[in-house]
Structures are given as C-alpha cells and as structure tokens.
Amino acid sequence: MRSGTIAVIGKANAGKSTLVNVLVGEKVAIVSPKPQTTRDRILGILTREDRQLVFVDTPGIYRSCNELTGRMMRTAENAAKEVDVILFVHDGHAGLREDDIALMKRELARGIPMLIAYTKTDIMPQERIPEDVRTLYEAGVEADVVPVSARRGKNIGKLEEAVFSLLPEGEPLFPEDVVSDRSEKFMIAELMREKILLRYDKEIPHGVAVVVNTFERRENGTYAVDLDIVCEKSNHKAILIGKQGKALKETASFAREAMEKFLGAKVFLTMYVKVREDWRDKANLLRELGYGESE
Ligand SMILES: Nc1nc2c(ncn2[C@@H]2O[C@H](COP(=O)(O)OP(=O)(O)OP(=O)(O)O)[C@@H](O)[C@H]2O)c(=O)[nH]1
Ligand SMILES: [Mg+2]
C-alpha cells in the first residue's frame, strides 16, 4: 500500500481544480474560466486497493492585491510544505514563459519530488508539447512532464501512475469512501459562488462571499438551503440582482440545479444579497465570512 499527500499548485486558472476533480472522479472543487476561483485548500482523495492519493488543491499563484488574495497566497504556500509530492500544473495552451520556469524552479528548490502536469493539450498545437518539454529540460527544470487534458480525460491514468510511483509506502490517511475533507455545506456555498463566477464579470464575482445560514435535510429527503450572497459595494448588489431580479433568479436556478445534482435530492433555495463594504480588505470580515487564516 502506498499513500501520501500531493500539493497541486500552479498559476491561477491553470486547470488545477479541474484536474483534481478528474483524478478523484468526483467534483470536489469548483471550476470557472476566471482566475482566483479556488480560495481555500481543499483535499480530493482517491483510494484504490493499493493506494491512497490525497490531492491538496490550492488557490492559484497570483499577484496579491488585497487581504483575501494575500491569505490565498499563504494558503497555497503552506499547502506545499510537508507533502510527499508536488504536482505542478502548467497550462500548456497559455504558453511557456520565463516566469513559469522561474515558478517551477522555485518549487523544485523545496527538495520535494515534483511532477509537471502539462494540461489543456486538447486546445493547442500538438507540436508545441515536445518543444516546451525540451525548453524545460534545457532550462534545468528537473521534473518529469506528463501532458494531459483534464477536459478530455486524456493521459489521466498515466499521471496517476506517475504520482503513485513517487509516493511512500504507508497506510491510508482517510476511510476509503471519503473523497473530500470538506462538508456538504461548504460545497453548497462553493456551488453558489461557481455560478456567480460564470454569470458576472470583472470585480463582481471576486468580491462575492457566500455564507450558508441554513442547510437542513428534511424528513422527506429534500433540503432547505438559505444563504447570503455578500458583496462589497451597493452598486455590485444592484448588478447581482439585475433588472427585476432577473440576473439573480437565473443564477440561483443554475446554482440550485448544481446543488441538487451534488446532493442527489431536491433543494429549496432562498437567498439574500448583502453588502459588507470592502470586506476583502478587512481581516475581521474575512474571518466572519469564513476566510479566517488557515493553519
Ligand atoms: N480545454 C481545456 N480547458 C481546461 C482544461 N482544464 C481546465 N480547463 C478550463 O480552464 C479554466 C480554469 O480551470 P480551473 O480548474 O478552475 O483552474 P484552477 O487552476 O483551479 O484556477 P484557480 O482556482 O482560479 O487558481 C476552466 O474554464 C476550465 O474549464 C483542459 O484540460 N482543457
Ligand atoms: Mg481552482
């Protein structure tokens, strides 16, 4: 039996959460086309007869511009300590730049076995893959590169085997039926945030926090969910709600569908939009909204 933890790190929007979801085979982390989707460290756990791979999904590496992103960077930084393997996710489609190479070298310097998942190969010219692998080799990035497409499920088994081969012998850390360390209530809040990320632009989704006030399973098997959508400016509130509440109604309907799929039961969803002026820059509000400093 081999078991261990794998820090999944890389630039914002590289495709880390998508990759963790396909490796685990279940949705444990939300995904969106916008950078800074993941705000917390989330464990995604894959267990087979001979192995347990505990993936640590992290917020993407991004230039921090407020208290929230500062905390996100520290979360990513801390997650890469004391793991067995670092899985560096590189967005092949975005191109290989000097700063990508510098980031990879910085991670290699930790002295932890590292693999590079070169992802999004489904949307890029195939001849660029060996070219980039050669560039990495010539730049002295001493890590195996596994080209994958998380979206098409290509080479995922190969990536799993490459990770597996780097893990130490050991007993599982989690029961075999557990796929995440996060509660259903956490995922409900995240699914709401995912649909907001998809629906709204610019600063609006980045300035939203979702707080679940009620999450109850009723006797008939349905769920009652009541949540607050907290934004940072009153004009954001107006945009979130939209003309005659249309934007919010549509977003809520997508979120409810996703929640029902996740819980496998009918959901009754109610919500309020609240304003907490500039909450992303206020440590006390960050704590109140569930973004307190992690360990
Ligand atoms: N075509 C293609 N798109 C992908 C692939 N993997 C991820 N994406 C897309 O890339 C975008 C970002 O994916 P995420 O998984 O949220 O990226 P992330 O690295 O977790 O992003 P942050 O949490 O913001 O740091 C989404 O629109 C995904 O659908 C892939 O293999 N192929
Ligand atoms: Mg993510």
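Is K246 exposed or partly exposed, judged by its relative accessible area?

Reply: This is a predicted model, in which local features need pLDDT of at least 70 and side-chain atom pairs count only at pLDDT 80 or more, while totals for chains, interfaces and linings use all residues. Residues are numbered from 1 along each chain as its sequence is written, chains are lettered from A and ligands numbered from 1 in the order in which they are written, and side-chain values use heavy atoms, with hydrogens and water left out.

K246 is exposed, with a relative accessible area of 54%, where exposed means over 50%, buried under 20% and partly exposed in between (1.4 Å probe, protein chains only). Its side chain meets that of E250 in a salt bridge, at 3.3 Å from N to O; the term stands for a side-chain nitrogen of Lys or Arg within 4 Å of a carboxyl oxygen of Asp or Glu. K246 and E250 both lie in helix α9 (residues 246-263), 4 residues apart, about one turn of the helix, and helices (H or I, at least four residues) and strands (E, at least two) are DSSP runs, numbered from the N terminus. E250 is partly exposed, at 32% relative accessibility.

Elsewhere, salt bridges that share partners join R48, D50, R51, E160 and E161 into one network. Within this group, E160 forms a salt bridge with R48, the closest N and O atoms being 2.9 Å apart. That pair links distant parts of the chain, for E160 belongs to helix α5 (residues 156-166) and R48 to strand β2 (residues 42-48), 112 residues apart. E160 counts as buried at 6% relative accessibility, whereas R48 is partly exposed at 42%.
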